[in-house]
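I opened this notebook to record what I looked up in the structure. The entries below follow the order of my reading.

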Amino acid sequence: MNVRKMTNYTNKVKAQELWKTLYLCAKESQTRRFHALYDKIYRPDILWEAWERVKRKKGSGGVDGQTIEEIVTEYGERNFMNELYLELKENRYHPKPVLRTYIPKENGKRRPLGIPTIKDRVVQMAMKMVIEPIFEADFCDSSFGFRPKRNAHQAMAKIRKASKSCFWVVDIDIQGYFDNINQEKLMVLVEQRISDRRILKLIRKWLRAGIMDEGKMRNPITGTPQGGVISPLLSNIYLNTMDKLWEKKFRHLGEIIRYADDFVIMCKNKQRALESIRVIQAIMGKLDLTINSDKSRLVNLWNDTDGFDFLGFHNRKLPIRRKHGYIIYVMSHFPKRNAMKNMRAKIKAYTEPRSKLFLELRELVKGLNRRLQGFKNYYLISPVAKRWLKRIDSYVLERLTLFNNKKRNRRNKHWYKAEVKDEINHILVKLSS
């Protein structure tokens, strides 16, 4: 192991030790407030580990135009980190506005994202590493999004377990959650655990840094920019109020399963489901948030007549025939319609350009496999999902056959020989396997 790798490994170990120490201290006392944290942010091992994490995630530059590649190849990592260390230590660090960009949504609209500068991302990552364990000790088991050692599959497993006794689902969508978080109420929640003034001041600076949108500067008084490293943690802190209140006073109505700002409530009967809606509306009012009535639904899961979408899956109870003709309904998860549509679009976009015709079939498949593997790893969580993934398999075979025949200038673009099909199947990742 070379010196660089050894140093990175040492920094990672020290960061994990700090994380564990802060977590155990916070877990031991639910009322303890932490007052000496700022110096941990610019501690060299924490700052370097934060830089390594940001570098691994890559991503584009912010309003200053500085990219990770430029820092590594031109400016120099050590110069960059020394400069950042001194700015933080001497209280000279000031965040820049985030760069507003948009990504398309399934409904044709655009989702706004805020891209901080590389320097701001590193500091936010260091901040996250220091304060996350403190709040992680307070978070409820019903929350799964953007938390260490928690993922969407665990949320789906909890839905499966709850569906054995729950037959009504309240599917809630919060309108523009990240853009409507009340910053003052968020800071009150942060201050319940942190009393270090420099930490609190730094978080306020990020919230008020402003947004550069198409060359124009905006300073919204609400929200946390989606895309910032610290934003998912702050959003979890804000909604943890709802989680704790539900666990303490309303758990008898149903079981809440939340992933970031998306959540569902699994209820045993319709009466409890309707009462849950009234309770959630009241809680949202206290948090200055609004429920999107167009996307929120009340779903009956008694049989296979209806289902609900959550985290990219369509969830529905499907019939399974037992011995003597006995039928039971079991919760199943498979890709929702838009997820299938988007995957086909990605496959077509990758295989269609004529510039790809110079590639050998094996090279094209190698690049395609990287995309297919991620889709398979996420959606293949139940036997029923195999049926939907087989449809993607068939579409991939169709697109590769079309590519192969175009490459060989065959008139019938969809014609293939058995050996061509065998070759494709031999080197292609089978989603349904």
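Grid points are joined across faces, edges and corners, and a volume is the space filled by probe spheres set on the points.

I noted that this is a predicted model, in which local features need pLDDT of at least 70, side-chain atom pairs count only at pLDDT 80 or more, and totals for chains, interfaces and linings use all residues. Residues are numbered from 1 along each chain as its sequence is written, and side-chain values use heavy atoms, with hydrogens and water left out.

**Entry: the cavity**

I counted 1 cavity of 30 Å³ or more. The largest cavity has a volume of about 110 Å³. It is lined by 16 residues, of which Gln 124, Trp 206, Pro 225, Ile 230 and Ser 231 are the closest to its centre.

The largest share, 3 residues, comes from α10.

By class, the lining has 10 nonpolar, 4 polar and 2 charged residues. Here Ala, Val, Leu, Ile, Met, Phe, Trp, Tyr, Cys and Pro count as nonpolar, Asp, Glu, Lys and Arg as charged, and the others, Gly among them, as polar.

**Entry: the sheet**

I took two strands as paired if DSSP finds at least two bridges between them. An open sheet of 3 strands has the order β9-β10-β11, with antiparallel pairing. β9 and β11 stand at the edges with a single partner strand each, so one side of each is left without a neighbour in the sheet. Neighbouring strands are turned by 35° against each other on average, direction ignored; axes are lines fitted to C-alpha atoms, for helices over the stretch in contact, and angles run from 0 to 180 degrees between N-to-C directions.

Helix α15 (residues 385-407) packs on this sheet and touches β10 and β11, contact meaning heavy atoms within 4.5 Å. The direction of α15 makes about 35° with that of β11.

**Entry: pairs and hairpins**

I found 4 bridges between β9 (residues 307-310) and β10 (residues 313-321), and 9 between β10 and β11 (residues 327-335). His 314 stands opposite Asp 309, and in β11 the bridge partner of His 314 is Phe 334.

The hairpin of β9 and β10 has 2 residues between the strands, and Leu 311 there takes a positive phi near 60°. The hairpin of β10 and β11 has 5, and His 324 takes a positive phi near 65°.

Notes. On a 1 Å grid over the protein atoms alone, a cavity is a set of points where a 1.4 Å probe fits but cannot get out, and a pocket is an open set with protein on both sides within 12 Å along at least five of seven lines; lining residues have an atom within 4 Å of a point.
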